Amino acid sequence: MFDLILRNANLPDGRKGQDIAISAGKIAEIAPHIQATAREEIDATGRLASPPFVDPHFHMDATLSLGLPRMNRSGTLLEGIALWGELRPTLTIDALVDRALRYCDLAVTQGLLAIRSHVDTSDPKLTTVEAMLEVKQKVKPYIDLQLVAFPQDGYYRTPTGAQSLTRALDMGVDIVGGIPHFERTMAEGQASVEALCRLAADRGLPVDMHCDETDDPNSRHVETLAQQTIRHGLQGRVAGSHLTSMHSMDNYYVSKLIPLIAESQMNVIPNPLINIMLQGRHDSYPKRRGMTRVPELMQAGINVSFGHDCVMDPWYAMGSGDMLEVGHMAIHSAQMSSLEDKTKIFNALTINSAKTMGLENYGLEKGRNADLILLQARDPAEALRLKATKLLVIKAGKIIARTAPRIGALFLEGRPSEIDPALGFAPDY
Ligand SMILES: [Zn+2]
């Protein structure tokens with residue numbers, strides 16, 4: 001007797017009509033027509049079961065602070081940083097924890113069960129760090145929360161930047177961050193990448209840097225990050241977030257850079273919603289899209305995973321914790337429109353992100369953790385198209401969130417009375 005069997009589900013890899021049996025918090029079996037009973041059985045009716053969404057790039061200390069102390073008028077990255085600087089001195093642990101927990105509640109209903117959050121270490125009081133460490137413990141039963149020590153105002157640009165980042169690591173933050181393009185000069189940016197990779201190597205920690213989040217075709221911090229990764233033997237443990245400068249770089253230079261990124265086994269984290277919103281702001285027309293070169297990076301075998309980055313904070317007044325919204329934007333801004341591309345994008349929100357975060361026992365396979373979601377869609381392409389409702393969210397074999405399917409009632413004579421957007425509209429692939 002199993003604890004739970006989800007029957008007749010489609011899987012992201014294309015398998016259809018699969019039963020998923022769960023026992024003691026693990027996936028006990030995946031097969032068609034499992035001949036057994038369970039304490040609870042759910043008919044998935046051919047909907048898509050997937051491992052949960054994973055957000056490898058977020059700012060949990062800033063989320064839901066929209067409007068405090070004022071709105072971002074220009075909408076730019078730089079005004080966002082200035083605005084956050086105005087808000088920071090007024091932050092309290094209680095308010096930070098409260099906002100983060102509320103975001104995590106929302107995230108769970110969106111099937112988002114692992115998040116890597118950067119935590120600003122610029123204020124030597126480190127209120128943000130203290131609060132996020134508390135949140136990490138509080139959400140542990142349902143969200144795997146990783147924290148990155150992030151020197152928002154620069155590692156060298158502020159007198160206490162380096163010292164505060166190190167203290168955050170001492171307090172228990174487990175990933176080294178950076179922001180080389182925000183240092184005063186290209187040389188100081190390069191020096192910060194070198195120092196931070198050395199620090200990570202010395203402490204045996206992973207690295208995740210905001211790297212070249214600019215439209216500057218001459219910025220070279222991605223190259224430095226890849227080179228330092230190799231020099232310090234950090235292959236596979238380093239993530240480069242944003243890499244938007246690559247959008248604007250010379251094609252010949254990129255033809256040399258992408259193999260270097262591949263050699264360094266760097267995980268690349270574009271943030272499609274934020275990149276399309278914040279980049280190209282100095283352009284008139286034509287305006288650059290600003291997202292890094294996703295199809296080319298994927299083609300080179302580099303692990304690409306997408307982040308949400310911001311939800312209702314000084315940088316982004318939108319967002320809903322829905323990783324399908326992130327993927328939806330990725331499809332458009334990377335022009336990855338084929339069916340195969342959409343599966344790649346869906347994987348970038350799930351298995352690729354899990355790889356970036358180094359999650360263990362993740363995925364729909366026998367013996368792995370029974371963490372999964374059921375979507376109101378039949379396949380990954382439909383899930384992305386509809387930003388599908390997350391009907392069930394299962395953590396360690398237990399249902400922790402449930403949302404009713406989106407069904408429209410129609411009052412037209414001679415027409416159906418109910419419309420399920422995921423039934424009868426898309427071709428059956
Ligand atoms: Zn960020």
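Leu-6 stands opposite Ile-20 in β2, a strand being a DSSP run of E with at least two residues and a helix a run of H or I with at least four, both numbered from the N terminus. The model is a predicted one, in which local features need pLDDT of at least 70, side-chain atom pairs count only at pLDDT 80 or more, and totals for chains, interfaces and linings use all residues. Residues are numbered from 1 along each chain as its sequence is written, and side-chain values use heavy atoms, with hydrogens and water left out.

Back to the strands. β1 (residues 2-9) and β2 (residues 18-23) pair in the antiparallel sense over 4 bridges; to count as a pair, two strands need at least two bridges found by DSSP. β2 and β3 also run antiparallel, joined by 5 bridges, and here Ala-21 stands opposite Glu-29 in β3. The hairpin of β2 and β3 has 2 residues between the strands, and Ala-24 takes a positive phi near 50° in it. Put together, 4 strands make an open sheet in the order β3-β2-β1-β4, with mixed pairing. β3 (26-31) and β4 (38-43) are the edge strands, each pairing on one side only.

Next comes the metal site. His-57, His-59 and His-210, each through NE2, and Asp-309 through OD coordinate the zinc ion at 2.1 to 2.5 Å. Donors are N, O and S atoms within 2.8 Å of the metal (3.2 Å for Na, K and Ca), and sites may look incomplete because water is not among the atoms. Along the chain, the donors of the zinc ion follow the spacing H-x1-H-x150-H-x98-D. His-59, in the loop between β6 (53-58) and α1 (77-87), and Asp-309, in the loop between α10 (294-299) and α11 (323-333), are 250 residues apart, so to speak a link between distant parts of the chain. Both His-59 and Asp-309 are buried, where buried means under 20% relative accessible area, exposed over 50% and partly exposed in between (1.4 Å probe, protein chains only).

Helix α12 (residues 339-348) has Asp-341, Ile-345, Phe-346 and Ala-348 as its buried residues. Seen down the axis of α12, these fall within an arc of 155°, so they line one face of the helix; the arc is that of the directions from the helix axis to the C-beta atoms.

As for the whole protein chain, it has 14 helices and 17 strands. Buried residues make up 58% of its 429 residues, and its C-alpha atoms fill a box of roughly 65 × 45 × 45 Å, taken along the principal axes.
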